[in-house]
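Work through the exercises below with the model open. Each task is followed by its solution.

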Amino acid sequence: MTEIQPIATEIPNQNRLKNCRLEPDRKTPILAISENMTVNDDGPPLGFISIDVTLHRPPGDPFNEDTWPFPLIREKVDGSSESQVVCSGPYDDTFINKFVEAGERLSKRGAVGIITSCGFLAMTQPELATRISIPIATSALIQIPSILTLLPTTRSVGILTFDGTRLSPLHLAKMNIPASRCHIRGAPEGGLLQIHICQGLQYVHDEICAELVTVARELIAEYPDIAALCLECTQMDCAE
């Protein structure tokens with residue numbers, strides 16, 4: 001069986017950001033810097049929009065600054081609970097406006113781009129990308145269209161998600177992802193990952209990793225056309 005690799009989000013290399021310097025014959029930096037940005041030796045920061053949950057976030061979680069080789073700044077969207085964000089239907093305008101406001105606060109603080117803390121926010125990608133003044137990637141699902149272009153049309157992508165009952169065709173449609181080329185499987189109901197997120201318990205790396213590996217193997221066995229895996233949930237990153 002062909003080895004399946006999770007799709008990882010590529011973030012600009014720290015050294016590329018640090019090398020924002022004037023060349024002798026240039027009067028402007030190679031990398032354009034916002035007038036609101038404070039640049040230090042570590043380079044400009046990545047912005048992070050977090051939802052209103054309390055979790056143990058070890059290194060590997062994008063919320064943890066030790067995950068990144070460059071500065072991270074955060075803004076929380078108050079009132080954005082797990083049950084509000086993880087849903088199968090669209091969000092209302094008031095809810096989306098809160099994320100736009102958080103994104104603009106990060107922009108004013110100097111962030112050069114933004115990520116979020118839940119893959120279900122793929123539902124907001126088109127609107128947030130339009131309304132926020134700096135680039136934003138709301139979800140790991142954003143990578144799937146590019147991956148599909150690299151694969152034969154007979155192959156598909158498997159999606160591991162926090163909740164397979166609530167990740168819906170609408171999330172895929174927002175990303176222009178053909179549902180016919182994706183197979184979705186949720187973490188076990190009441191399993192370690194769901195308990196960690198819903199109850200805020202300690203992140204047990206090895207046990208959650210084993211749980212997800214089992215789910216992935218079952219999914220691939222059921223759909224052998226899968227050529228790549230995408231991990232929807234940001235808390236899955238810690239278990240890679």
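Predicted model: local features only at pLDDT ≥ 70, side-chain atom pairs only at ≥ 80, totals over all residues.

Residues are numbered from 1 along each chain as its sequence is written, and side-chain values use heavy atoms, without hydrogens and water.

**Exercise 1.** Determine the strand order of the open sheet of three strands.

Step 1. Strands are DSSP runs of E with at least two residues, and helices are runs of H or I with at least four, numbered from the N terminus. Two strands pair if DSSP finds at least two bridges between them.

Step 2. β5 (residues 156-161) and β6 pair in the parallel sense over five bridges. Within this pair, V157 stands opposite C182 of β6.

Step 3. The order is β6-β5-β7, with parallel pairing. β6 (182-186) and β7 (226-231) are the edge strands, each pairing on one side only.

**Exercise 2.** Locate the largest nonpolar core.

Step 1. A nonpolar core is a set of buried Ala, Val, Leu, Ile, Met, Phe, Trp, Tyr and Cys residues joined through side-chain atoms within 4.5 Å. Buried means under 20% relative accessible area (1.4 Å probe, protein chains only).

Step 2. The largest core has 58 residues, and Y91, L141 and I144 have the most contacts inside it. Elements giving two or more residues include α3 (93-108), α8 (205-222) and β7.

Step 3. Domain 1 (46-138) and domain 2 (141-231) both contribute residues, so this core lies between them. The domain bounds come from an automatic or database domain assignment.

Note on methods:
Buried < 20%, exposed > 50% of the residue type's maximum accessible area, 1.4 Å probe, protein only.
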